[in-house]
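Here is my note on the model, as numbered points. Please read it with the structure open.

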Amino acid sequence: EKGIVQVWQTESNIKLMNYIKENNIKIVGIDNQISTKYNSEYLKTAINKYDKITAEKIYCLDTTINALYFNKELFKDEPNETKSKFQKNKSELVKIFSEFNLKIDSLLRQKNYSNSQSSLLTLKKVIQNKIYLSQTYLNINKYGTQRDSIMTSNLKWIMDSLAPNKKIIVWAHNSHVSKT
C-alpha cells in the first residue's frame with residue numbers, strides 16, 4: 001500500500017509483490033509525480049538521516065503542494081488564492097531542495113558517508129526530478145511529457161549508475177512505454 005498508487009493495488013500485483021519479497025528481488029521506482037503522501041514520507045525519512053530540520057520543512061511544503069495540486073481552483077484560468085499559495089510553496093520547496101542537493105554533494109565527498117553513496121545518489125536524483133517536474137505542474141499537457149522524459153532518464157541512470165551489467169525488468173503502463 002505504501003509503495004505504489006492505488007490503481008496498481010490489485011490481486012495479481014499483490015502476488016507479484018509477495019514474489020518479489022520472498023525472492024529478495026531489489027525493486028527501484030522510476031516514476032516521479034505528485035501522487036500520494038507516501039512520496040513525501042519517503043523524502044522526510046531519507047532526508048531526516050542527514051538533516052532533521054530540512055526533512056520537516058520539505059515534508060510540510062511537499063504535502064501542502066500535493067493537497068493544493070488536487071484543488072480544482074488551481075487549474076482555473078484566473079489568478080486565485082490557491083494558485084498563489086501553490087506557487088509560493090513550490091518556489092520555497094525548490095529553493096530548499098537545491099540547497100539540500102548541495103549538502104548531498106558535500107556528504108558524498110566525506111569518507112564517513114562512503115557506505116551511503118548509493119542512497120545519497122538516489123536521494124539526489126529524486127530531488128533533481130522533483131525540481132525538474134515542478135516546472136510543469138500547472139501545464140497539464142507539458143506535465144505528462146516531462147514525466148515520461150524523467151522516467152526514461154531515471155531508467156538510464158539506474159542502468160548506468162546503480163545496476164550496470166545487471167538484469168533489469170521494467171514494469172510500466174502501456175501509455176508510458178508506447179511513446180517514442
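1. The crossing of α5 and α6 is right-handed. In a right-handed crossing the near helix is turned clockwise from the far one by less than a right angle, and in a left-handed one anticlockwise. Helices (H or I, at least four residues) are DSSP runs numbered from the N terminus, as are strands (E, at least two).

2. A word on the basis. This is a predicted model, where local features need pLDDT of at least 70, side-chain atom pairs count only at pLDDT 80 or more, and totals for chains, interfaces and linings use all residues. Residues are numbered from 1 along each chain as its sequence is written, and side-chain values use heavy atoms, with hydrogens and water left out.

3. Back to α5 and helix α6 (residues 140–162). Their axes come within 10 Å and cross at roughly 165 degrees. The two helices are therefore roughly antiparallel. Axes here are lines fitted to C-alpha atoms, for helices over the stretch in contact, and angles run from 0 to 180 degrees between N-to-C directions. Under 35 degrees counts as roughly parallel, over 145 as roughly antiparallel, 65 to 115 as roughly perpendicular, and the rest as oblique.

4. Which residues of α5 and α6 meet? On the α5 side they include Leu-121, Lys-125 and Tyr-132. On the α6 side, Tyr-143, Arg-147 and Trp-157 are among them. Contact means heavy atoms within 4.5 Å. By class, the contact of α5 with α6 has 7 nonpolar, 7 polar and 2 charged residues. The classes: Ala, Val, Leu, Ile, Met, Phe, Trp, Tyr, Cys and Pro are nonpolar, Asp, Glu, Lys and Arg are charged, and the others, Gly among them, are polar.

5. Now α4 with α5. They pack at an angle of about 155 degrees, their axes 10 Å apart. That makes α4 roughly antiparallel to α5. The crossing of this pair is left-handed. Phe-97, Ile-104 and Asp-105 are among the α4 residues in the contact, and Leu-120, Lys-124 and Ile-127 among those of α5. The contact of α4 with α5 counts 11 nonpolar, 5 polar and 4 charged residues.

6. Asp-105 and Lys-124 also form a salt bridge, with the closest N and O atoms 2.2 Å apart. Asp-105 lies in helix α4 (residues 81–109) and Lys-124 in helix α5 (residues 117–134), so the pair ties together parts 19 residues apart in sequence. Asp-105 is partly exposed at 23% relative accessible area, whereas Lys-124 is buried at 16%. Buried means under 20%, exposed over 50%, and partly exposed in between (1.4 Å probe, protein chains only).

7. How many salt bridges does the structure hold? There are 6. A salt bridge is a side-chain nitrogen of Lys or Arg within 4 Å of a carboxyl oxygen of Asp or Glu. One of them joins Glu-56 to Lys-44, with the closest N and O atoms 3.0 Å apart. Glu-56 lies in helix α3 (residues 52–69) and Lys-44 in helix α2 (residues 37–48), so this pair ties together parts 12 residues apart in sequence. Glu-56 is partly exposed at 35%, and Lys-44 is partly exposed at 28%.

8. Glu-73 and Lys-76 form another salt bridge, at 3.0 Å between the closest N and O atoms. Glu-73 is partly exposed at 31%. Lys-76 is partly exposed at 35%.

9. Last, Ile-58 in helix α3. Is Ile-58 buried or exposed? Ile-58 is buried, with a relative accessible area of 0%. Leaving aside neighbours within four places in sequence, Ile-58 contacts Leu-43, Ile-47, Leu-93, Ile-96 and Phe-97.
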